Protein chains: 2
Amino acid sequence: MSTVWKRWANRLALTGLFAMTTVPLLHSDEGMWLYNNPPLKVLKERYNFEPSQEWLDHLRMSSVRFNSGGSGSFVSSNGLVLTNHHVGADTLQKISTKEKDYIKTGFYAKTQADEVPAKDLELNILLSITDVTDKVNAAAKPDMTPGEAALARRKVMNELESTALEGKDKNKFRADVVTLYNGGAYHLYQFKRYTDVRLVFAPEKDIAFFGGDPDNFEYPRYDLDVCFFRAYEDGKPAQPEHYLKWSEAGTKEGDLTFVSGHPGRTSRGLTMAHLEYIRDKLAPYQLNYLRRIEVLLKTYSDRSQENKQEAQEDLFSIQNSRKARLGGMGGLQDPVLMGKKAKEEADLREAIAKDPKLKDYEGAYAEIESTLKYAREYFIDNNLWERGQAFHSDLFGKARTLVRIAEEKAKPDGERLREYRSSGIKSLELALFSEAPIHDNLEVVQLADSLGMMVELAGVDHPLVKKILAGKSPTERASELVRGSKLGQLSERKRLYEGGKDAIAASNDPMIQLAKLVDDEARKVRKAFEEKVEEPQRQAYGKIAKARFAVQGTGVYPDATFTLRLSFGPVKGYEENGQKVPAFTNLSGAFERSKAQGNVDPFMLPESWHKAKDKIKLDTPFNFVSTADIIGGNSGSPVVDRKGEFVGIIFDGNIQSLVLDYAYSDAIARAVSVDSRGILESLKSVYGTTDLVNELLKK
Amino acid sequence: MSTVWKRWANRLALTGLFAMTTVPLLHSDEGMWLYNNPPLKVLKERYNFEPSQEWLDHLRMSSVRFNSGGSGSFVSSNGLVLTNHHVGADTLQKISTKEKDYIKTGFYAKTQADEVPAKDLELNILLSITDVTDKVNAAAKPDMTPGEAALARRKVMNELESTALEGKDKNKFRADVVTLYNGGAYHLYQFKRYTDVRLVFAPEKDIAFFGGDPDNFEYPRYDLDVCFFRAYEDGKPAQPEHYLKWSEAGTKEGDLTFVSGHPGRTSRGLTMAHLEYIRDKLAPYQLNYLRRIEVLLKTYSDRSQENKQEAQEDLFSIQNSRKARLGGMGGLQDPVLMGKKAKEEADLREAIAKDPKLKDYEGAYAEIESTLKYAREYFIDNNLWERGQAFHSDLFGKARTLVRIAEEKAKPDGERLREYRSSGIKSLELALFSEAPIHDNLEVVQLADSLGMMVELAGVDHPLVKKILAGKSPTERASELVRGSKLGQLSERKRLYEGGKDAIAASNDPMIQLAKLVDDEARKVRKAFEEKVEEPQRQAYGKIAKARFAVQGTGVYPDATFTLRLSFGPVKGYEENGQKVPAFTNLSGAFERSKAQGNVDPFMLPESWHKAKDKIKLDTPFNFVSTADIIGGNSGSPVVDRKGEFVGIIFDGNIQSLVLDYAYSDAIARAVSVDSRGILESLKSVYGTTDLVNELLKK
C-alpha cells in the first residue's frame with residue numbers, strides 16, 4: 001500500500017512514528033468512524049437520521065481507495081470512478097511524454113478505445129471487516145520480549161491475510177490486517193482489487209488546481225479538482241455492484257452530508273509526551289526536509305520546460321505536505337490547543353488512578369515516554385538507512401525492493417517483513433514493474449542532494465558513509481550511480497526479480513550494490529525501532545485504549561489509518577477575522593478571481609474556459625464547505641446526502657483545518673468540496689463531454 | 001556598514017563566525033589583493049605588466065563601495081556611478097510604490113531633475129590606508145584575559161577612528177579599522193562618504209536578471225545587470241577626482257583584465273577543524289535557515305501581485321545566498337578539495353614544528369579547535385538572541401537599534417559596542433531614519449515564522465521564550481507586536497532617538513518592550529562569544545599568520561573583508577563536460593535563449609527589446625568570463641584593461657566558482673561580467689538614452 005496521502009500528508013516521512021488511539025471527548029460533528037462502528041447514536045440525536053445497514057453497505061462499496069494515496073467513488077454501472085485531479089495527477093504524470101503533457105492540457109476519451117491505461121494504479125473496494133483482535137493478541141504472549149512479541153504478531157497477521165486469500169485470485173482480491181487504536185484492536189479488511197484502470201477525463205491543471213500553491217488550503221476556492229477513470233476487469237469495463245447516483249439538485253447550506261473515504265493519519269490520541277516529541281523533534285525535522293526537497297525541485301523545474309514537466313507532480317506533493325505540516329505545527333505550538341489536550345490527559349489519568357480496576361494501565365504513559373528516548377536515539381539512522389532518505393532516487397527504491405524480495409521470498413510467509421508478505425506481492429509487483437518513466441537528470445539531482453544530506457546528518461567519518469561515497473563527492477557519486485544503473489529498464493528489473501538471490505548476488509549494477517551495502521544497517525535499525533519503539537508503544541497504547549474504553553465507553557473512533565471511514569456534518573459557512581465566508585462559491589467567481597489577480601499563473605484560467613464563458617451558467621455552485629471531519633487521504637472522497645446521492649467531492653480543507661491532525665474543531669475548520677452541479681455544468685458547457693454526462697446521468 | 005554582499009553572501013548569517021587569514025600557496029591568477037600590497041611580482045612575471053602608483057591610485061579612487069552590499073565605479077566627471085542592477089535593486093525596491101514598480105519597469109531620468117533620491121544608500125571611496133597593527137596589538141597586553149583583551153582592542157580601534165575624523169565633516173568622511181588576517185594586521189581605512197545618491201537609469205528586471213534564479217551562477221549568460229546612480233554633494237553632482245574612461249573597443253579573449261571591488265568574505269585561511277565546523281554545523285544550519293525563509297517569501301509572494309512586489313528583492317537575495325552556500329557546501333563535501341587543504345595544513349604545521357623560532361605558534365591549532373567547542377555551545381543562543389533570528393522583522397531591528405543606542409551613547413566612545421561608536425553614528429542614523437516602506441503583512445508573516453523557529457530551537461519551556469510569547473501562539477503574538485508598534489513612523493523613531501534613555505524607558509511600544517526584554521540575554525551571549533570564541537580565534541589566527549609569513553613570506557593576501565581589493569586574470573573560456581564554453585556571448589543570444597525556453601518567465605525579454613530588435617547590432621558582445629578571483633560583494637566591480645579603461649562590470653560567478661569561498665581555482669571557475677560594448681549598444685539602440693551615452697563617452 002502506498003503511503004502517499006494526497007493533501008496534508010507527507011509522502012516521504014510517514015512510517016512507524018505515529019501511533020493511533022482514541023480521542024477522549026467528542027465534539028459535535030467529530031469523528032472518522034469505522035463502518036463496523038458507525039455513529040448511529042449521534043446521528044439520531046443530533047440530526048434525527050438513522051441510516052439502514054443497506055444505506056451503509058451501499059456507500060461503503062461505492063467507495064474506492066486509490067492506493068497511490070487518495071479516495072474516490074464508483075459513479076456509474078460501467079466502472080466509472082471519480083477522484084480528484086490531484087489524486088489522478090500521479091497517473092497523469094506517469095503517462096505523459098515530451099510530446100503530450102496530460103497535466104497541463106487535460107484529456108477526454110471520446111470512446112472507450114481512447115481511454116489511456118494507468119501505469120501502476122491499484123484501486124480497492126472494501127468488501128468485509130472481521131475483528132481478529134483476540135487472535136493477534138493471543139500470539140503475543142505476556143512472557144515474550146518486545147522483539148519476540150512483534151515477530152509473533154507479524155506472523156499471525158501475515159498468516160491471517162494469506163488464509164483470507166486462499167483459493168482466491170490474488171490479482172482481484174486483497175486482504176490486510178489493520179492495527180486500530182494502535183493495539184486496541186486488529187481488524188481483517190478484505191478488498192476487491194482493480195489494477196486495469198484507464199483515464200477517461202481530466203481538465204487542465206489551470207482550472208483543476210486554480211490558485212495553485214498560494215490558494216491551496218484556502219477558501220473561498222474555485223477548483224475543478226476532478227478526474228475520471230474507468231476500472232476494467234478481464235479487459236472489460238467493471239460492473240460494480242454498487243455505485244453512487246449523481247445528484248443534479250446538489251446540496252444546500254445546512255444540509256447534512258456524509259463523507260466516505262480514507263483519511264491517512266491523525267495523531268489525536270497520542271500522549272502529551274508523544275505530541276511534544278513530534279513538536280520538538282519530528283515536525284521540525286520533517287519541515288526542514290520538505291523545504292529542502294521543495295527548493296531542490298523548484299530550482300530544477302525552473303531550469304527548463306522539460307524539467308518542469310518531470311518534477312511538477314512531486315513538487316506539488318511536497319508543497320502540499322509542507323503547508324499541511326506547517327499548519328499542524330501551528331496547532332502544536334498553540335498553548336490553547338495544547339492546554340486543552342493536557343487537561344484531557346490529566347482527567348483521564350486521574351480517572352485511571354482512582355479506579356482500582358484500571359491500576360494496571362497507569363504505567364502506560366511512562367512506558368510511552370521511555371520509547372521516545374529510543375525514537376530520538378534512532379531518529380537519524382532510521383530516516384537515512386531504513387526509510388531511505390539518504391537515497392532520494394526511484395532507481396534506488398527499485399534496487400532495494402529487488403534486493404529485499406530476493407531475501408524475503410526465501411523465508412516462510414509469517415517471518416517476512418510486512419511489505420513482502422505473499423498476500424501483498426501483487427501490489428508490490430505492480431509498483432516494481434511500473435512502466436512510469438524515470439528521469440535520469442532528476443534522479444542525479446535528487447540523489448546528489450540526499451547524499452549530501454546524509455553527510456550532514458551522519459557525518460563524513462561514518463564508516464557506511466565512507467563506503468557509500470567511495471572517495472567521491474556526493475554529486476560525482478550520484479551521477480555514477482544513476483548513469484551506471486540499468487534498473488531503468490523494465491527487462492532488467494524482471495530479470496533480477498526472476499533470478500532471485502543468485503541474480504542479485506551476481507549483479508554488478510551500482511544501485512543493486514548500493515542497496516546491498518546499506519541493507520544490514522537498515523534492517524538493524526528497523527529491528528531496533530520495532531523492538532524498542534513500535535511494539536512497546538503498541539502495548540502501551542493498547543492499555544490506554546482499554547482504560548479509555550472503560551472510562552468513556554466504546555463509542556469512540558480510532559485515529560486515521562488510510563482505511564475506509566465515515567464522517568458527517570452539515571454544509572456550513574464560517575466567520576474569519578469578523579468576515580462572513582459563505583458556504584458556496586460559483587463558477588462566476590473563478591473568472592472574477594482570475595481577473596483580480598491579473599490573470600497570471602497560477603490564476604490563469606484555461607483557454608477552454610474563456611472560450612466557453614458565454615455558454616456557462618455562471619451562477620452554478622462550484623465549491624462548498626462542510627464541517628465533516630477529514631484529513632489527508634480523504635481527497636477524492638464522495639460527499640453524499642441523506643439519500644446517499646453524490647452531491648460533491650472532497651478536495652481540500654481550509655487553512656484552519658490543518659490542526660485537525662491533533663484535534664477536531666468545527667468552529668472554523670472546514671472540509672472543501674467540488675459541487676456535483678459545478679462538475680456537471682463544466683462537463684456540459686466547457687468540455688462538451690456528452691457521453692460522459694449521459695453515463696453519469698444514465699441517459 | 002551593511003553586511004549584505006550581493007551574490008554569494010547570506011545577508012542574514014554573516015557576523016563573527018568567520019575568521020580570516022592567509023592562503024598558503026598561490027595558484028596562477030589567485031588573489032584578492034590589498035591596494036597597499038599589490039601583486040607586482042606575479043603581474044610582472046606572468047603578464048609582464050608593471051602598474052604605476054598613479055595607475056593603482058586612479059583605479060582605487062574610481063572604485064565605489066555600496067554599503068548596501070556591493071561594488072561600483074565612477075564613470076563620469078559628473079558623479080555618475082555604475083553598479084549592478086541587483087546591487088541597485090535594494091534601492092529600486094525602497095523607492096517603489098504600489099503605483100510604480102521600478103524593479104519591473106526600469107527607469108531613465110532624462111534630466112537631472114528627474115533623478116530619484118535613494119532612501120538610505122551610502123557610497124564610500126577609499127582615500128587612504130594606514131597600518132595600525134602595532135597600536136592595536138599594544139593595547140591587548142599579554143597578561144589580560146580574553147575578555148579584557150577584546151575590550152582593550154575595541155577601545156583603541158574606536159579611538160583611532162574618532163581621531164581620524166577629528167575636525168572633519170562626519171557626513172562626508174568615514175574611518176574604519178579593518179582586521180586583516182584576523183589579527184595578523186590592523187589597517188585604518190579612511191573614506192570619502194556620499195549619502196545623497198540618485199537613480200539615473202535601470203533596465204527592466206526581465207533583462208537585468210534574464211534567466212532569473214535558474215540561470216543565476218550559470219554561464220553562458222545574457223544579462224544587462226547594470227544600474228546608474230549619480231552621487232551628489234551639497235546638492236550638486238559630485239565632481240570626483242578620479243573616474244574610469246569608458247572603453248568603446250572593449251576587451252577580447254586572452255586580454256589581461258583587472259577587477260577592483262569589495263569581496264565580502266572568504267574562508268580560505270581557516271584551519272581544517274574550523275572548516276569542519278562550518279561543514280558539519282554552520283553551513284547545514286544556514287542552508288536550512290535560508291530554505292525556510294525562501295519558502296516563506298515565495299509562498300507570500302505568490303499570494304498576490306502586491307505581495308510579490310513587497311518581497312521580491314528579499315526573495316532574490318535569499319535564493320542567491322542559498323545557491324551560493326550550496327555551492328560552497330559542495331566544496332566542503334568534496335574529498336579532493338578538502339584533501340588538498342588538509343595536505344597544505346599538514347605541510348605548514350610540519351614546517352612550524354621543525355623551526356625552533358616558530359615553536360610558540362604550534363599551539364594555535366589546538367586553541368582554535370577549543371574555541372569551536374564554545375562556538376557550538378553558544379550557536380543557537382547567539383543566532384536567536386544576539387543576531388536576532390528569532391525576530392525576523394524590520395520593526396524589531398529598529399527597536400533594537402533604538403534601545404541599544406540609548407544605552408551605548410551614555411558610555412565613553414571606547415567602551416561602546418563597535419556598531420555604536422561615534423565614528424559610525426552617521427551611517428547608523430541613515431539606516432534608522434530610512435523612509436523605505438515597512439510592509440505590515442510581510443512583517444507579521446516573517447515574525448510569526450521566526451518566533452516559531454525560536455520555539456523549535458530554544459524549546460517551549462525556555463523562560464525567555466515564555467516571556468516573549470506571553471501565552472500566545474507565535475502567529476498571534478507576531479500580529480500583536482507588529483500591529484501594535486508605531487515604529488513604522490519616522491517621527492516616532494526620531495522622538496525615541498532624541499528622547500534617549502528616558503524615552504525608551506517610558507515607551508510602551510510592544511517592539512521596544514520586546515527589544516528590552518531580550519537585550520540582557522543577547523548581550524550576555526555576545527559577550528561570551530567574544531570572550532570564548534572571537535578574541536581567542538583572533539589571537540590564534542594571529543599566531544598562524546605570523547608563522548605563515550615566516551615560512552611563506554609576506555607576499556600573500558588576507559581573506560576577504562568587504563574592503564577594496566584588486567584581482568586580475570585574462571578573459572578566458574573553459575571546458576565543461578567536454579563542451580567548450582566560449583568566453584563571450586552576444587546580444588543575439590538573449591533572443592535565442594528566450595525563444596528556446598518558450599518565452600516564459602524568467603526567460604521573457606522585455607517589450608522594449610522586442611520592439612528594438614531590428615535596430616540592435618546583434619553581434620555586439622554582451623557578457624564575458626575571466627579568471628579573476630572574486631566572491632560575493634564584488635558584484636558591480638569595474639573590470640579594466642591594462643590602460644585602466646572600463647571594459648566591463650562583474651555581476652556573477654559561474655557555478656564552479658562557488659567553492660572559491662574555500663579555495664581558488666582557475667580550471668573552470670570564472671567571474672562573469674557585462675561587456676562595456678553590450679551596455680553601450682543597449683543604451684543606444686534599446687533605451688535611446690542619448691544624454692547618458694554622451695556623458696559616458698564625454699561627447
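Predicted model: local features only at pLDDT ≥ 70, side-chain atom pairs only at ≥ 80, totals over all residues.
Residues are numbered from 1 along each chain as its sequence is written, chains are lettered from A and ligands numbered from 1 in the order in which they are written, and side-chain values use heavy atoms, with hydrogens and water left out.

Let's start with chain A. It holds 24 helices and 21 strands, these being DSSP runs numbered from the N terminus (H or I, at least four residues, for helices; E, at least two, for strands). Its radius of gyration is 25 Å, close to the 27 Å from the globule rule for 699 residues, so chain A is as compact as a globular protein of that length. That radius is taken over C-alpha atoms, and the rule is 2.2 Å times the number of residues to the power 0.38. Of the 699 residues in chain A, 65% are buried (under 20% relative accessible area, with a 1.4 Å probe and protein chains only).

Now zoom in on a helix pair in chain A. Helix α13 (residues 379–386) of chain A packs against helix α20 (residues 510–552) of chain A at about 135°, their axes 9 Å apart. Axes are lines fitted to C-alpha atoms over the stretch in contact, and angles run from 0 to 180 degrees between N-to-C directions. α13(A) and α20(A) are therefore oblique to each other, the class left over once angles under 35 degrees (roughly parallel), over 145 (roughly antiparallel) and 65 to 115 (roughly perpendicular) are taken out.

Over in chain B, helix α13 (residues 379–386) is mostly covered, with 6 of its 8 residues buried. Those of α13(B) are Phe379(B), Asn382(B), Asn383(B), Leu384(B), Trp385(B) and Glu386(B). Among the elements covering them are α9 (272–302), α16 and α20 (510–552) of chain B, where contact means heavy atoms within 4.5 Å. Just after α13(B), Gly388(B) takes a positive phi of about 75°.

One of those covering helices, α16 (residues 440–458) of chain B, also packs with α18 (residues 474–484) of chain B, at about 135° and with axes 8 Å apart. That makes α16(B) oblique to α18(B). The residues that α16(B) brings to this contact include Val444(B), Leu447(B) and Leu451(B), and those from α18(B) include Ala478(B), Leu481(B) and Val482(B).

Notes: Buried < 20%, exposed > 50% of the residue type's maximum accessible area, 1.4 Å probe, protein only.
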